[in-house]
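Here are my notes on the two-chain model you sent over. Have the coordinates open while you read.

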Protein chains: 2
Amino acid sequence: MSLRPRPDMRQFVIIGHDAPTTPEFSLDDLAGAAGRLDVLCRCVSSAFFLSHDIREDVRVHLVLGEEYTITIDGSTVRRLNPDERSTAALLRKALEEREEAIGHIPVETSPGISLTRRGFEPTIEDAAGDGTVVQLHEDGDPIVDAEPPADPVFVLSDHRDFTDAERKIIADTVDRRVSLGPKPLHANHAITVAHNYLDTDGYETY
Amino acid sequence: MSLRPRPDMRQFVIIGHDAPTTPEFSLDDLAGAAGRLDVLCRCVSSAFFLSHDIREDVRVHLVLGEEYTITIDGSTVRRLNPDERSTAALLRKALEEREEAIGHIPVETSPGISLTRRGFEPTIEDAAGDGTVVQLHEDGDPIVDAEPPADPVFVLSDHRDFTDAERKIIADTVDRRVSLGPKPLHANHAITVAHNYLDTDGYETY
């Protein structure tokens, strides 16, 4: 599975600060002992699901702590369902094969899902490619007035704020800052709003 | 707990066609044996959560089959978390007290959550009050061009389409039909987009 960005993709890079990096967690306590993996599962669901369809032009990169990134590709992913538990099971399966992930070479752990041994900085750099890195930020340009970015790569955090080190990396890579509105949103809701904005832009007749 | 609508509320009436009407379901299989209760839990999360805050001006009515409705009020609800499993536990607790629900008198089963013995038609009629009943529909007015409704009451379905009987009730009560965009969305994503539209409307400076 190549992780090179395709044209006309929407990508989402989401940092899971407390997310597990080993598969020893219970699917019965995602919001507790599994380091708020529930947050990342909801982000995956928001990124990929339409009613009765999957967004094939989407790729999600979940940065787990400082060492691993799980990438999900909408064009090839299989067995993805919108509920948190089944998504967490796919992520756990990816972590079960973490010993196979050497350097930055991705290991496909189930169809359309791959694991690489790399943290936030190489993940965002690889995802960026020729695209537009977009930070969602309350002080950014209002999305309703903003020109839609080409090949956007949205950078988001889980339930925690970005760390100072992450802010520095973002400052060095970000092309645009966009605000989704006056109220601060959970990451999964921000993904839904960003999708809707891109879906409706230029669509005169809907 | 009064179920009379307050001014300046946003309400969401969501029909759970296969949802359980007894508490004998497992929290480990919400998307399977629990009649897609995962869908309704995601709707609740989308309706109430902001980052580090709860939308107090929101009320959600979950219509479970033909006999019960669970109402959640943002101004009084406690112990609500954004993950599916903990929300399902609150809904199961409500169903455990279903013997107490007689006629249309609500039983408060935990703070801000009440159960009534009534189906879709009385629920939508009571919720409507002086508000504007809005059906989200692909052939409706594009939301970006539409005047925001006062005291909106959005009517949504779970993973299934509305039945013919439900369509008839909706046709008799709906005031507005609004389209959220060219792509059909899951109910929880539709709630997020509707909120964002109402949040951003008229907010010049964000």
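The points below take the interface, then the cysteines, then the salt bridges.

1. Before anything else, keep in mind that this is a predicted model.

2. Start with how the chains meet. On chain B, 36 residues are in contact with 36 residues of chain A. Together the two chains bury about 3200 Å², and carbon and sulfur atoms account for 59% of that area.

3. What does the polar side of the interface look like? There are eleven residue pairs in polar contact between chain B and chain A, both partners being at pLDDT 80 or more. As for which parts of chain B are involved, the elements giving two or more residues to the side that touches chain A are α1 (37-48), β2 (49-50), α2 (84-96) and α5 (187-200). Helix α5(B) supplies the largest share, six residues. By type, the residues on this side of chain B split into 14 nonpolar, twelve polar and ten charged.

4. The rule finds two salt bridges across the interface. One pairs B:Arg85 with A:Asp28, at 3.6 Å from N to O. If you look around that spot, A:Asp28, A:Arg85, B:Asp28 and B:Arg85 are linked in a network of salt bridges.

5. On to the cysteines: how many disulfides does a search of the whole structure find? Zero, over all chains. Take A:Cys41, whose closest cysteine sulfur is in A:Cys43, 9.1 Å away, and that is too far for a bond. Looking from the other end, the sulfur of A:Cys43 has A:Cys41 as its closest cysteine partner, again at 9.1 Å and too far for a bond.

6. Over all chains, the search gives 26 salt bridges. One of them that I would look at is B:Glu67 with B:Arg117, where N and O are 2.5 Å apart. B:Glu67 sits in the loop between β4 (58-64) and β5 (68-73) of chain B, while B:Arg117 sits in the loop between β7 (113-116) and α3 (120-128), so this pair ties together parts that are 50 residues apart in sequence. Both ends are partly exposed: B:Glu67 has a relative accessible area of 36%, and B:Arg117 comes in at 27%.

7. Last one, in chain A: A:Glu97 forms a salt bridge with A:Lys93, and the closest N and O atoms are 3.5 Å apart. Here A:Glu97 is partly exposed, at 26% relative accessible area, and A:Lys93 is partly exposed as well, at 31%.

Terms used: Residues are numbered from 1 along each chain as its sequence is written. Chains are lettered from A and ligands numbered from 1 in the order in which they are written. This is a predicted model: local features need pLDDT of at least 70, side-chain atom pairs count only at pLDDT 80 or more; totals for chains, interfaces and linings use all residues. Side-chain values use heavy atoms; hydrogens and water are left out. Contact means heavy atoms within 4.5 Å. Buried area is the accessible area (1.4 Å probe) that two parts lose on being put together, summed over both. A salt bridge is a side-chain nitrogen of Lys or Arg within 4 Å of a carboxyl oxygen of Asp or Glu. A polar contact is a pair of N or O atoms within 3.5 Å; within protein, one must be able to donate a hydrogen and the other to accept it, and residues adjacent in sequence count only if both atoms are side-chain atoms. Helices (H or I, at least four residues) and strands (E, at least two) are DSSP runs, numbered from the N terminus. Ala, Val, Leu, Ile, Met, Phe, Trp, Tyr, Cys and Pro count as nonpolar, Asp, Glu, Lys and Arg as charged, and the others, Gly among them, as polar. A disulfide is a pair of cysteine sulfur atoms within 2.5 Å. Buried means under 20% relative accessible area, exposed over 50%, partly exposed in between (1.4 Å probe, protein chains only).
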